[in-house]
Amino acid sequence: MNQISNPALQGGEIQQSRVFITGMGIVSVIGMDVETTLDSLVSSKTGLGQIRLLDTRLKEKLIAGEIPYTDEELLQMAGIDKVPGISRATLLGMIAAKQAVRNSDFENDEKLQTGLISGTTAESMTSIEKYLPDFLSNDSRNEYIDSQDWGFSTEIIAKSLGINGFMTTINTACSSASNAIMLGARMIRQGRLDRAITGGTDALSKVMLNGFNSLMIVDPEPCKPFDDKRNGLNIGEGAAFFVLESEQVADKGKIIAEITGYGNANDAHHLTALSPDGKGALLAMKNALESCNLNPGDINYLNVHGTGTLNNDLSEAIAIEKLFGKTPPVFSSTKPFTGHTLGSSGAVEAVISILALQYNLVFPNLNFSTPMHEVQVRPETSLVKNLELLHVMSNSLGFGGNNTSLIFSKVES
């Protein structure tokens, strides 16, 4: 294989192998594939709207990023026969993972160490909601009992792809998928895997919708991250997966981008809130930069976590100012497009970040109008074209203070 140069990596973490992305797939409320997702982002087309499929008392009060397909329709899209107890999140993840594999021309090769690492927060919640009615009405074995395991979706997805090697499931709240991607990249760098299918999946459920609503952080209107009058988040659902490969096995013609940096930090400030001084997010971003020997000024676009809640946006904005100063790189939250897809958000937004990198675009932070009075930084509100992007950072900030930053870079041949 021809060597691929990257002048940005001249030091930092000792790497046995570079990690390339050779395929990606995504399903969300703004698109059931990469191409449709890009079209929605470029045209500023949000997917947030009325809840139609989830049978909840809140459907008339709240909006969400609900994918407009029934579980039966998703089963057909996944191209499988019904598996007892299969969850909606498993179906979404299977569709996205199969897309990623197709886009990379991935083939099973027993000589290569291949793993599957998936992140999820609410994977079995939809099955939990079906478990009790089935238990009360069905005197035979409950078909939803196996899917109570959070690793259920990972095993089903791996089986559908013919992957029999290393597999694991990560649940670190809203940073789950980002941590799955990070783990896959680390294992490839250290020679433990040749390839990894990594990403995450989560589906809309009554448990999650009611849970976040009980915390009084759900906005009944479209969310407006970083706005001084922000009023909360909108729940969404979706999945995204990537094919990661070492430089020894990656097909040069299939390389989309490189994972150059990653960092994780836990501020342990509060069960459901970030540290008000931005410490956790700041450490995650610093760690990501240090892992690949980049400086803050090397980042050209920052895809922020930006949920639209009072706590998250102020904490993240303070962290941005501390790291990048009063004039940071252009940044935006894309959750007003997709809603907050929970454990899969890191993977969904990684796809969006890589699309920005591929096409030199910055997607707008929709619904923003009034700057926060506590900080000077403000997000980009219009589509930016022809901005040369070499390095893009994507933030995922989770409950419990588990924060992860990923850096994606263009590859020069």
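Buried means under 20% relative accessible area, exposed means over 50%, and partly exposed lies in between, with a 1.4 Å probe and protein chains only. This is a predicted model: local features need pLDDT of at least 70, side-chain atom pairs count only at pLDDT 80 or more, and totals for chains, interfaces and linings use all residues. Residues are numbered from 1 along each chain as its sequence is written, and side-chain values use heavy atoms, with hydrogens and water left out.

**View 1**
H2 covers residues 71-78. Helices (H or I, at least four residues) and strands (E, at least two) are DSSP runs, numbered from the N terminus. Asp-71, Leu-74, Leu-75 and Ala-78 are the buried residues of H2. Seen down the helix axis, these residues fall within an arc of 105 degrees, so they line one face of H2. The arc is taken over the directions from the helix axis to the C-beta atoms. An α-helix has 3.6 residues a turn, so residues three or four places apart point the same way. Glu-72 and Gln-76, on the other side of H2, are exposed. The cover over the buried residues includes helix H3 (88-104) and helix H4 (125-137), where contact means heavy atoms within 4.5 Å. Gly-79 follows H2 with a positive phi, near 70 degrees.

A salt bridge is a side-chain nitrogen of Lys or Arg within 4 Å of a carboxyl oxygen of Asp or Glu. By this rule there are eight salt bridges. In one of the salt bridges, Lys-254 pairs with Asp-105, and the closest N and O atoms are 3.2 Å apart. Lys-254 sits in the loop between strand E7 (238-246) and strand E8 (257-266), and Asp-105 in the loop between H3 and strand E4 (114-119), so the pair ties together parts that are 149 residues apart in sequence. Lys-254 is partly exposed, at 26% relative accessibility. Asp-105 is exposed, at 51%.

**View 1. Salt bridges with buried partners.**
Glu-349 and Lys-335 form a salt bridge, with the closest N and O atoms 2.8 Å apart. Glu-349 belongs to helix H11 (residues 345-359) and Lys-335 to helix H10 (residues 335-338); the two residues are 14 apart and link distant parts of the chain. Glu-349 is buried, with a relative accessible area of 1%. Lys-335 is buried as well, at 1%. Glu-321 is buried at 13% relative accessibility, whereas Lys-326 is partly exposed at 48%.

**View 2. The largest pocket.**
On a 1 Å grid over the protein atoms alone, a pocket is an open set of points with protein on both sides within 12 Å along at least five of seven lines, and lining residues have an atom within 4 Å of a point. The largest pocket has a volume of about 350 Å³. Of its 15 lining residues, Leu-53, Leu-54, Asp-55, Asp-71 and Lys-130 are the closest to the centre. H2 and H4 are the elements that give two or more residues to this lining. H4 provides the largest share, three residues. By class, the lining has four nonpolar, two polar and nine charged residues. Ala, Val, Leu, Ile, Met, Phe, Trp, Tyr, Cys and Pro count as nonpolar, Asp, Glu, Lys and Arg as charged, and the others, Gly among them, as polar.

**View 3. The second largest pocket.**
This pocket has a volume of about 250 Å³. It is lined by 20 residues, and Ile-217, Thr-272, Thr-309, Asn-311 and Phe-399 lie nearest its centre. Helix H9 (residues 310-324) gives the largest share of the lining, three residues. The lining has 10 nonpolar, 10 polar and no charged residues.

**View 4. Ile-21 and its contacts.**
Ile-21 lies in strand E1 (residues 19-28). Ile-21 is buried, at 0% relative accessibility. Beyond four places away in sequence, the residues that Ile-21 touches include Phe-242, Leu-244, Lys-254, Ile-354 and Phe-408. Ile-21 and Phe-408 are 387 residues apart in sequence but 9.4 Å apart in space, C-alpha to C-alpha.

**View 5. The enclosed helix H5.**
Seven of the 10 residues of H5 (residues 152-161) are buried, so the helix is largely enclosed by the rest of the structure. Among them are Phe-152, Ile-156, Ile-157 and Leu-161. The buried residues of H5 pack against H3, E4, strand E5 (167-170), strand E6 (195-202) and E7.

Note on methods: 1 Å grid on protein atoms, 1.4 Å probe; cavity = no way out; pocket = protein on both sides within 12 Å on 5 of 7 lines; lining within 4 Å. Points joined across faces, edges and corners; volume = space filled by probe spheres on them.
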